[in-house]
Amino acid sequence: MATLTKTNRRDFLKIAGTTAGGLLIGFNWMSCDSPEMQVLSTDEVLAQANSFNAFLSIAPSGDIVIYSPNPELGQNIKTSFPMVVAEELDADWKKVRVLQANLDTDKYERQLTGGSGAMPHSWERLRMAGATARHLLVAAAAKKLEVPVSELSTSEGIIYHKGSGKKIGYGEVVAEAALLTAPEEVTLKDKKDFKIIGTPVKNVENEALFTGKPLFGLDFHRDGMLHAMVQRAPFGMKIKSLDDAAAKNVAGVKDVVSFDNSVAIVGTSTWPLMKAKKLLKVEYEADGKVESSTDHDQIFKDLLANGKAEVKREDGNVNAAFNNAAQVVSAEYQCPFLSHSPMEPMNFFAHVQADKVELIGPTQTPERARGTAAQITGIAPENITVEITRLGGGFGRRLRADYVEEAVKISQLMKAPVKLTWSREDDLTGGAYRPAVRYRFEAALDAAGNMTGYKLRGVGMNAGNSTREHNFPSGAVDNVLIENVNYESSITTNAWRAPITNFLAYAEQSFLDEVAEAAKKDPVQFRLELMEKAKANPVGGELRYDVDRMIAVTKEAAQRSNWGKNPNVKQGFSVYFSHRTYVAQVADIEMENGTPTLKKIHVVTDCGMVVNPTGANHQVRGGVVDGMGHAMYGNLTFEGGLPTQTNFDKYRLIRMKEVPEVDTYYLDSGYDPTGLGEPCLPPTGGAIANAIYSATQRRLRSQPFIEQKEFQDLNLAIKRA
């Protein structure tokens, strides 16, 4: 049924803006099948267009421009956001163009990319933007045709009057419609009437991406700008002395400037800067503890055994459960540091002037970039502009604004427009990382194999809380104790795709398999029994996960993967809830000439309504491949405050030929759409590790798998089926 959505006038103005700007949907001719269409440039459309709100404008030609406010880093938001607006507008998608909006906190809310939260946050706002514009267009048409509004209908940018047979295009009434007062409530479509949402739509930037058009921050160029690269100190160290004479003599180098604990070389292009940077003679000295990975191993062991823990959850009587247990299962799991490693290294353009700042580049948080510049320069935020380029990946790395800060400081020092560029080595050695973590799990079983007690103690780094106390099986076990110990390190850490759960899910799901084996139960059935108990009699108050949705993806994944029915296929199961989305995965391994070979991963996802199946499949498969690659190979070790892996020759990433078949399936639970960028990664490591155990009886409790002793005499093949 249709939904009546109301908002107060102030909120509407916040959402809809007034008459200028909005979302420009960059129309992609590769995504349409009408080459005979009249082609207008985006500038031509904009010059004629009337803006209905912050999200869309319509030209008299009928061309529609939709603005996408959130940064695009490959999650397909620049296509899926406009699809939602166009759906409620009843637009002809072939007439839609999409444009990236700049930072404008007066028009848009939550203008960032992170936490898989953009779609759930904006879903109703986007629908309202389209529905409001449609309301105005229909009202204007009724006036022009001299018929009641109730007798009009719309489809693909045309307004129809059934009684007279007349029809009129949106462009023909756009001028009159733009003068009408926007309603304070609008009726949204019944979901069963959707024509655009739920259909596969190609990315609106496909042509530009395929043909190498300048979309990314690294592509940005402005005549007269200077270039800069930075030499950064190892973590826990500071500059003791600097000799920059040789670097300054390199042709093309304008200057060498120091700020904070860094040295910047500034010149006419990046090539002389790379050469000059190697000639810098910088001596460092300790400024606190200079850490190494061998230190961390001992630190984690000590803290896991004796560290002061914060109790995050305590249900029932855990001591009694373990004292009375017929069997206790325990295991420790640990993970290494990881680099974000987006294909486009960090970069940003900054032009600091006396009373304003211009910022251009790839950022997941443009508002943080602006705030950083304001803090450094003392210039009011309203005098700082941020233009968002497409991001060549992010995975959480560009949630930080350290590289924006450097660009602003260098521009300020040089009194000139400056583009800062990080090299791949800079990105790996001077960045911010997924922190290492270590977990200890314990489970108490009674004589019938029922889990009566569950303990999790986590030691994280700069994480605050490395556990997730409301995760399954919390709520399904009578006696639960979850504790966290935090260690503060001088190494910069940062959110990494699916923070915390990117490893915790693997550890939890692997341990549950260990418990199921001890209980002599099938791993899937063991989980289902726990879920049914959580559904019938939840422990510890309100659950953070929906048991019915978790049961549904579990059963569907088991059914689709033919779980346990083919003796030639060794399988591993994993199910997880994170970022509002439920995902169950089954990994299939077959033995080929004595080598376990990962052939296929089945993925069942409940993310509510799927807006764009094409984009959803890309995100699910991308998350699985990323999770697989880092579980198998990802490892960043530190020595003397610096990573020892300085480039991709030492920091192993998964290769395309190693990607198995990934089967995707979506359960329509009737809920509004949630995010997909992150929640499909966490279950992957567990599914693969459990499948490896099923095939080899070797339990993997640390990542990367390929470096564990269990692999010393084992070749695991991951390849296309």
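Mentor: Let's open with handedness: a crossing is left-handed if the near helix is turned anticlockwise from the far one by less than a right angle, and right-handed if clockwise. This is a predicted model, where local features need pLDDT of at least 70 and side-chain atom pairs count only at pLDDT 80 or more, while totals for chains, interfaces and linings use all residues. Residues are numbered from 1 along each chain as its sequence is written, and side-chain values use heavy atoms, with hydrogens and water left out.

Trainee: In which hand does H3 pass H4?

Mentor: Helices here are DSSP runs (H or I, at least four residues) and strands are runs of E (at least two), numbered from the N terminus. H3 passes H4 in a right-handed crossing.

Trainee: At what angle do H3 and H4 pack, and how far apart are their axes?

Mentor: Axes are lines fitted to C-alpha atoms, for helices over the stretch in contact, and angles run from 0 to 180 degrees between N-to-C directions. Helix H3 (residues 77-89) packs on H4 at about 40°, with the axes 6 Å apart.

Trainee: Which residues of H3 and H4 meet?

Mentor: Contact means heavy atoms within 4.5 Å. As background, an α-helix has 3.6 residues a turn, so residues three or four places apart point the same way. From H3, the residues that meet H4 include Ile77, Phe81, Val84 and Glu88; on the H4 side, Ala118, Trp123, Gly130 and Leu137 are among them.

Trainee: How is the span of H4 read, and where is its kink centred?

Mentor: The expected span is 1.5 Å times one less than the number of residues. H4 (residues 118-145) has 28 residues and reaches 40 Å from its first C-alpha to its last, close to the 40 Å expected. For a kink, the bend at a residue is the angle between axes fitted to the seven residues ending there and the seven starting there. In H4 a kink of about 35° is centred on Glu124. After H4 comes Glu146, with a positive phi near 60°.

Trainee: Is H12 largely enclosed or largely open?

Mentor: Buried means under 20% relative accessible area, exposed over 50%, and partly exposed in between (1.4 Å probe, protein chains only). Ten of the 13 residues of H12 are buried, so H12 is largely enclosed by the rest of the structure. Among the buried ones are Asp402, Glu406 and Lys409, along with Val404 and Ile410. Lys415 follows H12 and has a positive phi, near 50°.

Trainee: Which residues have the most contacts inside the largest nonpolar core?

Mentor: A nonpolar core is a set of buried Ala, Val, Leu, Ile, Met, Phe, Trp, Tyr and Cys residues joined through side-chain atoms within 4.5 Å. The largest has 85 residues, and Tyr439, Phe441, Met451, Phe511, Tyr545 and Phe705 have the most contacts inside it. Helix H14 (residues 501-518) gives the most to this core, with ten residues. Apart from that core lies another, of 53 residues, including Met83 and Leu137.

Trainee: Are Ser702 and Met343 buried or exposed?

Mentor: Ser702, in the loop between helix H18 and strand E30, counts as buried at 14% relative accessibility. Its C-alpha is separated by 5.6 Å from that of Tyr333, 369 residues apart along the chain. Met343 sits in the loop between strands E16 and E17 and is exposed, with a relative accessible area of 60%. Leaving out residues up to four places away in sequence, Met343 touches Gly392, Arg424 and Phe648.
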